[in-house]
Amino acid sequence: MSSTLPLQGKKILLGVCGGIAAYKSAELTRRLIDQGAQVRVVMTASAKQFITPLTMQAVSGYIVYDDLLDPQAEAGMGHIELAKWADLILIAPATANAIARLRAGMADELLTTLCLASPSPIAIAPAMNQQMYLALATQENLNVLNQRGMMIWGPAQGQQACGDVGPGRLLEVPDLVQLSCDFFAPKEMPLLGVNVVITAGPTQEAIDPVRYISNHSSGKMGFSLAEAALAMGANVTVIAGPVHLNLSTNIKRINIKSAIDMHQASLTSLSEADIFIACAAVADYRTEQVYVEKIKKQSDSDSMTLTLVKNPDIIADVASAHNRPFCVGFAAETNDLETYALDKLKRKNLDLIAANDVSVSEQGFNSEKNALTVFSKESRFDIALNDKKEVAIQLLKIISTEFKK
Ligand code: C5P
């Protein structure tokens, strides 16, 4: 019985830029073809200083494209046609120059023009000196490209051709082939078409025009959930407190500051919510009075008193709405995790509660990692300590299974 190769029938446009790692592009072409791909190669002018078009033609089996204004090439497959042909554009190696030019949307040579003219997904495998990679300009360019939806594959760390050690090596050929296979692998889309609303980050409760009460929530868990839900096919809305993190452009982001604003935005979102995940660290109290002018230091007293009033419980109000979505809350606890989490599940009328032990320093608030114990009325699920992105994927798998019950 013959099994289908992971890249069978997939059309990959390989962009080769002028870095020493360009010599690996020939091997990459071979290995992509081994997995069933059709590969067409585009080379920049400087790439040809490192590896010849003849080599790339020999390994790909097709003429190499290297000129935007070549009448002969245009008579074959024109550049717009080539841009539309690709199922994936993979730029490996991508130099700092190519990355900067992509960010700027340059169209004065073939490779960046094809990227502009193509509706296809684009993956960039950076390869350059570690200092160039770490330079703010390159980092900013990569961030912007990533936000626009381009995939950034690598780089790897290690010994560089110039003798430096650090990040900037082209990923190894087997890794690039694996990432290409993963990209084309059928995706699990358990939340396809489901509307998911997520609250994330802290809230800020104003005291006067310059001061506020807040907390150390980074928003990472909520934002990771949003990206994971998007990848699973959901239509995602994030109601975010002040958080210095970016979200994919196809996630709807509503920025708020106070708990009252978050409450209002959450109730407004209900008409479009199938699942509501309350990941925000909402301030429990706000000041009774917000001073219009900056409060002056009193010379005649060593203390001052602010009266705080309770904020509305957003998730509890969402869960008691008549058009209530599937509701997921979080419980950050320092002790008796199960007892407090189950109490919250019941008291707030939730479908699921994700509890984390914030007495453990490596997880939770403002950390890169988290571990969760998730409770429904009948079941318990444990998600081991991991990167928040991975924890988010696992939590959403549990949510989607329970939501469909
Ligand atoms: O009651 P506690 O703050 O421990 O509950 C935590 C859960 O309730 C979280 O899901 C949090 O986002 C949500 N919450 C809320 N509105 C509040 C306080 C907490 O939605 N005012």
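Helices and strands here are DSSP runs, H or I with at least four residues for helices and E with at least two for strands, numbered from the N terminus. By that rule, D336 is in the loop between β16 and α13 (337-347).

This is a predicted model, so local features need pLDDT of at least 70 and side-chain atom pairs count only at pLDDT 80 or more, while totals for chains, interfaces and linings use all residues. Residues are numbered from 1 along each chain as its sequence is written, and side-chain values use heavy atoms, with hydrogens and water left out.

The overall picture next. The chain has 14 helices and 19 strands. Its C-alpha atoms fill a box of roughly 80 × 65 × 40 Å, taken along the principal axes. Of its 405 residues, 48% count as buried. Buried means under 20% relative accessible area, exposed means over 50%, and partly exposed is in between, with a 1.4 Å probe and protein chains only.

Now the ligand. Which residues surround the ligand? They are A278, A280, V282, D284, P312, D313, I314, I315, G329, F330, K344 and K348. The criterion is that a residue has a heavy atom within 4 Å of the molecule. By class, this shell holds seven nonpolar, one polar and four charged residues. For that count, Ala, Val, Leu, Ile, Met, Phe, Trp, Tyr, Cys and Pro are nonpolar, Asp, Glu, Lys and Arg are charged, and the others, Gly among them, are polar.

A backbone N or O atom of I314 lies 2.9 Å from a ligand nitrogen atom. For F330, a backbone N or O atom is 2.7 Å from an oxygen atom of the ligand. K348 uses its side chain, with a polar atom 2.8 Å from a ligand oxygen atom. On its own the ligand has 450 Å² of accessible area, and the protein covers 85% of that. Those areas come from the Shrake-Rupley method with a 1.4 Å probe; for residues, only the protein chains shown count as cover.

Where does the ligand sit? The space it takes is the second largest pocket. A pocket is found on a 1 Å grid over the protein atoms alone, as an open set of points with protein on both sides within 12 Å along at least five of seven lines; a cavity is a set where a 1.4 Å probe fits but cannot get out, and lining residues have an atom within 4 Å of a point. A molecule sits in one or the other if more than half of its atoms lie within 2 Å of its grid points. The elements that give two or more residues to the shell are α12 (314-319) and β16 (326-333).

Next, backbone geometry. Most residues other than glycine have a negative phi, and most peptide bonds are trans. N349 is in the loop between α13 and β17 (352-357), and it counts as partly exposed at 36% relative accessibility.

There are cis peptide bonds to mention as well. One joins A92 and P93, with omega about 0°, and P93 is in strand β3 (residues 88-94). Another joins G154 and P155, with omega about 5°; P155 is in the loop between β5 (151-152) and β6 (156-159).

Last, a few individual positions. S269 is in helix α11 (residues 259-269). Is S269 buried or exposed? It is buried, because its relative accessible area is 8%. A polar side-chain atom of S269 lies 2.7 Å from the backbone oxygen of S266. S271 is in the loop between α11 and β13 (275-278), and S271 counts as exposed because its relative accessibility is 62%.

V196 lies in strand β8 (residues 195-200) and is buried, at 1% relative accessibility. V196 and P325 are 129 residues apart in sequence and 9.2 Å apart in space, C-alpha to C-alpha.

Definitions and conventions:
Polar contact = N/O pair within 3.5 Å; in protein donor to acceptor, adjacent residues only side chain to side chain.
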